[in-house]
Amino acid sequence: MSNELGHEINDKTESSVPTILITGASKGVGAACALGFAQAFPQGVNLVLAARGLTGLQELENTLVQYPKAKVLTLTVDIADLQACQTLVDKAVEQFGCINVLINNVGLHHRGNFSERTPAQIAAMVDLNLKSPLYLSALVLPHMPDPTTGKRNAIIMVGSLAGRAPLQGAATYSSTKSGLRAFTYALHDELKDRAINVAVVSPGPIDTSFIMDEIDEVEDIVYSQPMSSPEQVANAVIKLSQGQNAEIAMPWFSGKLTTLGYLFPRFRRATRGLLYKIGKKNKDKYRQR
């Protein structure tokens, strides 16, 4: 971990101001979450923004200048490095005294059939998509304020509809997101009496470089579902961080479709051909944008 980019802050912020730690914050959903929280807390918010991309963090920090009561600490970090996760949390607590909300947003997807992926690629997806969010959650919990303060805390995962129903061509990615969702529900029940809401946002395709820059490698079926914007996903993250629900699947109809596909595998297999046709047609339209 290196290159602390944030404003110099010499005093710890008032306890009434929430501290939000966001991974994968340099672009896409992570950046949208940072802007969304700055807007949601005009009275003030502390933002700890972590990502590997230095340029993206600098651009986001410049954008956040329009919110003068948002104090920003930006750190370049590889979340797959467990020691770097420890240092990230230490720096956040040193700067702001506590962490109220953790957004586990960073993710990795090496696309294609499982038989075509290398063991190193599989390990990288498991480390980044599943192991690191669990490890960060464990590191952050001791630094969340006591519920007697009257403030709710939250740990929010950015999952995927692929974690709600098996997705061929994305076996490892689907399994890591499914594991992340299972972890969310288990921890949600463990911590519900401590005023810590653990929840997951499970979106379908999101209009970001994560899928649009690799459009030819993405399974056609992914594009069979309506595209969400990063801002829509960020709004769901913020809603969960301030409430008590365990999950938001989006779009709504796609969430119901994945539930049916999980409960009734024959239905999922029977509709797969149709969804691939719809997705291929939509993908051709996106290519023309």
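**Exercise 1.** Which residue is the bridge partner of V101 in β6?

*Solution.* Before we start: this is a predicted model, where local features need pLDDT of at least 70 and side-chain atom pairs count only at pLDDT 80 or more, while totals for chains, interfaces and linings use all residues. Numbering starts from 1 along each chain as its sequence is written, and side-chain values use heavy atoms, with hydrogens and water left out.

Step 1: find the strands (DSSP runs of E, at least two residues, numbered from the N terminus, as are helices, H or I, at least four residues). β5 covers residues 101–104, and β6 covers residues 153–158.

Step 2: check the pairing (DSSP must find at least two bridges). β5 and β6 are joined in the parallel sense by four bridges.

Step 3: read off the partner, A154.

**Exercise 2.** Describe how α4 (residues 119–140) packs with α5 (residues 171–191).

*Solution.* Step 1: their axes (lines fitted to C-alpha atoms over the stretch in contact, with angles from 0 to 180 degrees between N-to-C directions) come within 9 Å and cross at roughly 10°.

Step 1: that makes α4 roughly parallel to α5 (angles under 35 degrees; over 145 is roughly antiparallel, 65 to 115 roughly perpendicular, the rest oblique).

Terms used. Buried means under 20% relative accessible area, exposed over 50%, partly exposed in between (1.4 Å probe, protein chains only).
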